[in-house]
Amino acid sequence: MKIERELMRGAAPLAVLSLLQNGEMYGYELVKALAQRTDGVLDLGQSTLYPMLYNLEAKGLIKSRVDQADTGRPRKYYRLTGKGEKRLARDKSQWATLSEALGKLGIASSGAAASLPAAGGGA
Amino acid sequence: MSETREPTFLHRAWHTPMRDLVRGRMSERLDWRGTITKAALPEAVKPLLHKLVRRTRLWRLEKADVAREMVAHFEDALAAGRGIDEAIERFGDWHQTAKLIRRATKRKRSYVWHAWRWSFWSVVVLLGLYTLMGVYYATGSRNIAVDYAAVINEEAAAVPEDQRAWPVFRAAMLSIRDDPAYTEEFEAEGSDYAYTSVGELIGLIKPGDPHWDRVDRFLSSHQSGLAELRRAAGMPGLGYVAGYYHRPEDLPLFEPDMSLADYERQVVAPLKAEFVDDPPMIWMVQLPHVTPIRLAAFMLDTDTLRALEAGDAETVYANLVALLGLADHADEQNTIINQLVTLSIRQLAFETLSEVLVRQPDALSSAQLTDLAHRIAAVRIYTPDFAGERAFMLDLIQHTFTDDGAGNGHLDTRLWHRYAAELSAAGEPVFVGAGDDPVFGTSLIGTAISPAAAMIVADRKDILAKVDHFYALYQADLAEPMWRQPESRADAEVEALIGGSLLQKTRYFPIAVAMPALGAVRKAVERYTAYADGALTAIALELYRREQGGYPDTLGALVPRYLPEVPIDRITGGPVNYRVTDGGPVLYSFGADHDDDNGTIAYDEDDVRLYAVREWVVAEGEAPVDGDWVVWPLHKERAVDNADEE
């Protein structure tokens, strides 16, 4: 299912922060994880992912480092910063509240949103 | 791989950051093209990556980072088993991505860079606005609607041609002055004076001086010319219309050493050429006629003493009447220069009368004295008219401000340069602190800052209102006697503006630059009134003496038969003070110290009369001069007194 851009704009950064909660990841790894863990709902193209990563880095929510990949090529890894952790906690809480409210309206099943941020736990 | 050649040293150095170069490492980290080209990716994707990275228009180091990350991404996708077509397909909008990457990467840049960027764009925007402002202030047009030269010449021009005294006066002056004996130099040995010609002695010399005979002979030989001067003085109007250059018929009087052809070439032609570009301004109007009028007054003054010695009472009387007539001719133009000349000639008439009455009290008949008293009383109150001065300011404004048709406008920066330069050349400090280098000069700096200054400078209506306010204040000042209101309220306001903040001065700078401080005119008027009162009282005292056989004990005895009222001491506001000495009656003000010094004039150690006794306001921290201000007798007894009033 194609998600509207506006909805995606709010959810995708939270999803990326959530995935980085359990350790650093590189770009393609994030794309793959997002697609797999959301059953393709958050299947971000690179055109969305990389600008978003750079934005999150500019805001100080994530940090990158370059390391050698198995192939011997340099690869950039991203990890969550302290500021990013706080933002993630805050956004998760807000999403949960929103989801609960939507659930009461019969738009979303209560507790559905809460499962999204936990996605990183199963990676 | 299309790139198989080994890169050159220069290529490698060019693509290595300075930091690495300093450390001796040829890292080639900046070579983003090389990164893509050498990547183990299908050739189909490389042009897209080139395009993407190039379109980010980031710094080379940033492009290199993006290139490495994109290459890694595609390598990872391929390694994960995706086909290159699918990977390209899934990449999304390349163009949009480049834009987003650029935006996001720039956000990551340092605070210093962001601050610089903001500053840069702020400056660009401000410069743009400033340029627009400059264009605005360079637009609009002036409307030089009023010929203010004609305004100040109104009275002169109204005198019918055939009734003008000027041609008579000019011919008379030329007949006297063109006598070689007038300028012929002679030894001044034995004289108190350093003067060396009759022309220079006239107005200063008195009977008894070693050179008096020479002056006496000269004046005696020019009685017809002097009679013509008196005739001119008695005509109803002078009719000298002041212009920007002399009329040919006036040239012999004003520029005796210059031929008409030279004058036309050297003076008139350049001025006319200048007026083609821009109408002339009123400050270029010349008032050369007041100088020969003053000179004529000195001739009549000295001739009066000659006639007195010769027992020619009719000429004495006629000269005194003529002096008052000349004074009236001098202020046909209502500029302050004209009016001050008028006052000074009237004062000279009182001094001459003083000399006559002290030397030979019985020389003039009672009828002549009574007639003179009536003539003096008719002009006892002299109220200067500031309309001419106001015209100067209004003309400056109409030449330097645009006119929107509704009376408003803004400073015309294109033209202000020129007038500022002219003002500066004329010795006016165009901007406080600017010295000889006017801020609004014709320099590039002047051009660059003029829009800013024009923005600060008040608009036309505001300036006009301020000008009118000041002139109304000056006129109101004149209505208040100085013993009651010593300080000029108008001067105080003008000085507050000129001495105010730079912003205020800039806002009203046409006024700060060109508005004269006219407070001193009050003093000239007060002095004149005191001397006129002195002369009228002295005539009354002489008529009283003739009828009663002696001077009265008090001035009150003169009222009302000889004098309508006792004049006031113009410094204290009390009645003028009166004493009778061996030399006759003395009338005086107590002076600034407000105490009676028995009519004693104060002189300084150099024997110069201390006119501070006539000051109404004693400067803080200074003691008032110990002496009185004698308003009668008025003539000078000492040589040094002749430096007075100049």
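## Domains of chain B

In this predicted model, chain B is divided into four stretches: domain 1 (9–109), domain 2 (148–244 + 280–357), domain 3 (387–517) and domain 4 (529–643). Domain 2 of chain B is written as two segments, 148–244 and 280–357.

The centres of domain 2 and domain 4 of chain B, taken over C-alpha atoms, are separated by 27 Å. Domain 2 of chain B gives nine residues to the contact, and domain 4 of chain B gives 12 residues. On the side of domain 2 that touches domain 4, four residues are nonpolar, two are polar and three are charged.

## The loop residue B:Y245

B:Y245 belongs to the loop that runs between helix 15 (223–234) and helix 16 (251–254) of chain B. Is B:Y245 buried or exposed? The residue has 21 other C-beta atoms within 10 Å; because the cut-off for a buried residue is 20 or more such atoms, B:Y245 counts as buried.

When neighbours within four places in sequence are left aside, the contacts of B:Y245 are B:V267, B:V268 and B:L271. B:Y245 also lies 7.6 Å from B:V285, C-alpha to C-alpha, although 40 residues separate the two in sequence.

## Nonpolar cores

In soluble globular proteins, nonpolar side chains tend to be buried together. The largest nonpolar core here has 120 residues. Within this core, the residues that touch the most other members are B:L229, B:L323, B:L326, B:I345, B:A535 and B:V631. Helix 29 of chain B supplies the largest share of the core, with 13 residues.

For B:L229, the contacts beyond four places in sequence are B:F169, B:A172, B:A296, B:M299, B:L300 and B:A322. Another core, of 49 residues, lies apart from the largest one. Its members include A:L14, A:L49 and A:L80 from chain A, and B:L58 from chain B.

## The sheet of chain B

Chain B has an open sheet of three strands in the order 1-2-3, with antiparallel pairing. Strand 1 (577–581) and strand 3 (629–632) of chain B are the edge strands, each pairing on one side only. Neighbouring strands in this sheet are turned against each other by 35 degrees on average, with direction ignored. Helix 29 (residues 519–548) of chain B packs on the sheet and touches strand 2 and strand 3 of chain B. The direction of helix 29 makes about 50 degrees with that of strand 3 of chain B.

Strand 1 and strand 2 (residues 584–589) of chain B run antiparallel and are joined by five bridges. The two strands form a hairpin, with two residues between them. Across this pair, B:N577 stands opposite B:Y588, and B:Y578 has B:L587 as its bridge partner. In a regular strand the side chains alternate between the two faces of the sheet.

## Chain A

Chain A has five helices and three strands, arranged along the sequence in the pattern α-β-α-α-β-β-α-α. Of its 123 residues, 35% are buried. Among contacts in chain A with a separation of 6 or more, 49% are between residues 24 or more positions apart.

The three strands of chain A form an open sheet in the order 1-3-2, and the pairing is antiparallel. Strand 1 (25–26) and strand 2 (62–68) of chain A have a single partner strand each, so one side of each is left without a neighbour in the sheet. Strand 1 of chain A is joined to strand 3 (residues 74–80) of chain A by two bridges, and these strands run antiparallel. In this pairing, A:Y26 stands opposite A:Y77 of strand 3.

## Contact between the chains

How many residues of chain B are in contact with chain A? The contact takes 20 residues from chain B and 19 residues from chain A. The elements of chain B that give two or more residues to this side are helix 5 (60–79), helix 6 (84–91) and helix 7 (94–107). By class, the side of chain B that touches chain A has eight charged, seven nonpolar and five polar residues.

Key. Residues are numbered from 1 along each chain as its sequence is written. Chains are lettered from A and ligands numbered from 1 in the order in which they are written. This is a predicted model: local features need pLDDT of at least 70, side-chain atom pairs count only at pLDDT 80 or more; totals for chains, interfaces and linings use all residues. Two residues are in contact if their C-beta atoms, placed from the backbone, lie within 7 Å. Helices (H or I, at least four residues) and strands (E, at least two) are DSSP runs, numbered from the N terminus. Ala, Val, Leu, Ile, Met, Phe, Trp, Tyr, Cys and Pro count as nonpolar, Asp, Glu, Lys and Arg as charged, and the others, Gly among them, as polar. Two strands pair if DSSP finds at least two bridges between them. Axes are lines fitted to C-alpha atoms, for helices over the stretch in contact, and angles run from 0 to 180 degrees between N-to-C directions. A residue is buried if 20 or more other C-beta atoms lie within 10 Å of its own, exposed if 12 or fewer, and partly exposed in between; C-beta atoms are placed from the backbone. A nonpolar core is a set of buried Ala, Val, Leu, Ile, Met, Phe, Trp, Tyr and Cys residues joined through C-beta atoms within 7 Å. Domain bounds come from an automatic or database domain assignment.
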